[in-house]
Amino acid sequence: MRHQLAILTVLVTLLFFSTTVTAQDDDVIIGVDSTNLQFSPSDVTIEEGQAVRFFWSGELLPHNAVASDGIFDSGEPSRNVDYRFVFEVGTNGTYEFVCEPHEQLGMVGTITVLPNQDVQPEPVETITETSESTEEEFRLTFFGLELIMLSFIAFLVYQVGRARERGIPLFVKGDENEDC
Ligand SMILES: [Cu+2]
C-alpha cells in the first residue's frame, strides 16, 4: 500500500504541473533606466490579452506613465510605481506614452499591441495533414492521459478508503522487510 501511496503522490504532482504550465506570467515589464530619464525598454510589442507592468522602486526622480490617448495612466509621478495594464482583445494598435515630468527630456515610449491569433474565429476543420491537426491530436492524447491518471487516482483513493473501513492500518511500522 505504501508503494501505491508513493505512486499516488507522484501522479498528483505530475497532474499539478501539467495544469499550471499554462498559467505562466507573460507580463511585459517596463522600468526606468540608469540615466533616470528613460523608460527601459521604451518600445515594446505585445499581443492582445497581455499586460504591461510599469514597475520601478527607489528611483532618484518621480516618474509616471500616461498614454497619449488616455487608455492608461499610472497616476501621480512617484519614485515607486507598480502599475499593471491589460490590453484586452480588441485593443490592437500603437500606443504612445510619456512620463509627464520628463516628457520634454524624451522620457517617452511606444507599446505595439498585435491582434491575438488565438482568438480569431477558427477555420472550418478539414481532413488534411497539417501541423495544426498534429497538435490537436497531441492535445487529445494528453487529455486522455490525464483522464487515465484521474481514474487511477480515484481507484487508489477507493482502495485506501476500503482498507481503512476494514481497519487495515495503512502505515505499518516494521514492514520494512517487504521487498522494495
Ligand atoms: Cu520620468
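This is a predicted model: local features need pLDDT of at least 70, side-chain atom pairs count only at pLDDT 80 or more; totals for chains, interfaces and linings use all residues.
**Exercise 1. Find the order of the strands in the open sheet, and say which strands lie at its edges.**

Solution. Start with the order: the four strands of this open sheet run β2-β1-β4-β6, and their pairing is mixed. Next, look for strands that pair on one side only; these are β2 (39-40) and β6 (81-86), the edge strands. Now zoom in on β1 (residues 28-32) and β4 (residues 51-56): they run parallel and are joined by three bridges.

**Exercise 2. Work out which elements give two or more residues to the largest nonpolar core.**

Solution. Begin with the residues: this core has 15, and those touching the most other members are I30, F39, V52, F54, A65 and I111. Then turn to the elements: β1, β4, β6 and β8 (108-114) each give two or more residues. Of the elements, β4 gives the most, with three residues. Finally, take F39 as an example: setting aside residues up to four places away in sequence, F39 touches I30, V32, M107 and G109.

**Exercise 3. Decide whether D73 is buried, partly exposed or exposed.**

Solution. First locate D73 in the loop between β5 (66-67) and β6. Then count: D73 has 14 C-beta neighbours inside 10 Å. Buried needs 20 or more and exposed needs 12 or fewer, so D73 is partly exposed. As for its surroundings, beyond neighbours within four places in sequence, D73 is in contact with V66 and A67.

Terms used:
Residues are numbered from 1 along each chain as its sequence is written. Two strands pair if DSSP finds at least two bridges between them. Two residues are in contact if their C-beta atoms, placed from the backbone, lie within 7 Å. A nonpolar core is a set of buried Ala, Val, Leu, Ile, Met, Phe, Trp, Tyr and Cys residues joined through C-beta atoms within 7 Å.
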